[in-house]
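Colleague: I am new to this model. Please take me through one part of it closely.

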Amino acid sequence: MSIGKNFAGVIAFMKVAASGSFSEAARELGISVPAVSRSVSRLEAQLNIKLLERTTHRVAVTPEGRCFFESCLPSVEHLLKATAELKNSTQLPAGTVRINSTVGFGRSNIAPLLHGFKKIYPEIQLEFDLNDRHVDFSEGRVDVAIRNGRLEDADIIARQLLPMQLITCGSPDYLSAAGLPVTLDDLQHHDIVAFRLEKTGKPHDWEFDVGGAFTQISLPYNQLFNDPELVALATIAGGGLAQIGSYQAENWIEKGLLVPVMPQYIAQGRGHFICYRRREKTPLRVKLFVDYIVDAFKPKEPVSLL
């Protein structure tokens with residue numbers, strides 16, 4: 001065993017040498033006195049040097065032990081400082097939270113919330129990245145991800161922010177000219193504005209609920225975009241029919257710029273989720289951000305005017 005693999009023995013010796021007591025070293029390290037004694041004995045055997053002289057009433061550091069203590073002290077102090085700083089970084093509202101979000105929902109629904117979070121926690125830095133690529137938490141580049149759809153991963157905690165529905169829409173002018181689709185077969189006779197998936201480069205299959213069964217349909221398209229907002233704008237301009245996320249579509253529908261069609265076929269079961277790694281101790285900065293975003297999407301109690 002190299003000395004580099006016996007940090008426990010080095011730390012145990014340093015604590016005993018500094019305090020002059022095995023029991024005090026054991027208390028500071030949170031282990032038993034015999035465990036401290038064994039660690040020091042293994043270190044002495046490894047070095048083939050007597051570091052401590054033990055008697056019934058006292059512990060003395062040998063000259064070799066004193067030399068070893070003084071040589072190790074700067075490194076051990078640096079290690080203990082780094083450990084304390086790392087511990088504090090997980091327990092204080094400070095540090096960096098790296099957020100990755102889908103483009104459409106992130107731009108319209110998550111980005112406007114970031115300023116409010118920063119006002120509450122000014123010591124937490126936020127790095128916000130928009131893209132629709134698959135997120136691999138194991139790479140360590142993302143703390144929190146905002147994702148759409150059905151999530152099935154035991155290593156990820158996913159908390160739903162909103163249900164996700166894809167609403168089939170067209171502009172009033174387009175539907176007036178092309179007619180209202182009534183069945184799924186009618187879609188084959190319409191112009192289609194499609195969304196391109198970043199992961200595959202292919203158009204997103206349209207989703208429907210047919211008799212309680214989740215159904216996907218691939219449709220030939222007239223226009224293809226890699227940004228959900230461009231899909232919505234092209235549809236508003238009369239480009240054809242599109243499936244648009246309800247978080248976008250509801251605003252345009254209220255303004256009369258889009259008309260929903262075939263509402264009986266809207267697929268259920270998807271959602272917008274905030275996701276983070278399942279681990280024993282989630283850093284406080286990540287927990288605070290997740291809780292803040294989840295709370296922002298909770299239905300608010302109506303304000304009483306009485």
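How are α2 and α3 set to each other: roughly parallel or roughly perpendicular?

Modeller: First, the ground rules. This is a predicted model, where local features need pLDDT of at least 70, side-chain atom pairs count only at pLDDT 80 or more, and totals for chains, interfaces and linings use all residues. Residues are numbered from 1 along each chain as its sequence is written, and side-chain values use heavy atoms, with hydrogens and water left out.

Now the pair. Helix α2 covers residues 22-29, and helix α3 covers residues 33-47. Helices here are DSSP runs (H or I, at least four residues), numbered from the N terminus. Two packed helices are described by the angle between their axes and the distance between the axes. For α2 and α3, the axes come within 8 Å. They cross at roughly 100°. Axes are lines fitted to C-alpha atoms over the stretch in contact, and angles run from 0 to 180 degrees between N-to-C directions. α2 and α3 are therefore roughly perpendicular to each other. That term covers 65 to 115 degrees; under 35 counts as roughly parallel, over 145 as roughly antiparallel, and the rest as oblique.

Next, the residues that meet. From α2 come Phe 22, Ser 23, Ala 25, Ala 26 and Leu 29. From α3 come Val 33, Val 36, Ser 37 and Val 40. Contact means heavy atoms within 4.5 Å. By class, the contact of α2 with α3 has 7 nonpolar residues, 2 polar and no charged. Ala, Val, Leu, Ile, Met, Phe, Trp, Tyr, Cys and Pro count as nonpolar, Asp, Glu, Lys and Arg as charged, and the others, Gly among them, as polar.

Elsewhere, β7 (166-170) and β9 (206-210) each supply at least two residues of the lining of the largest cavity.
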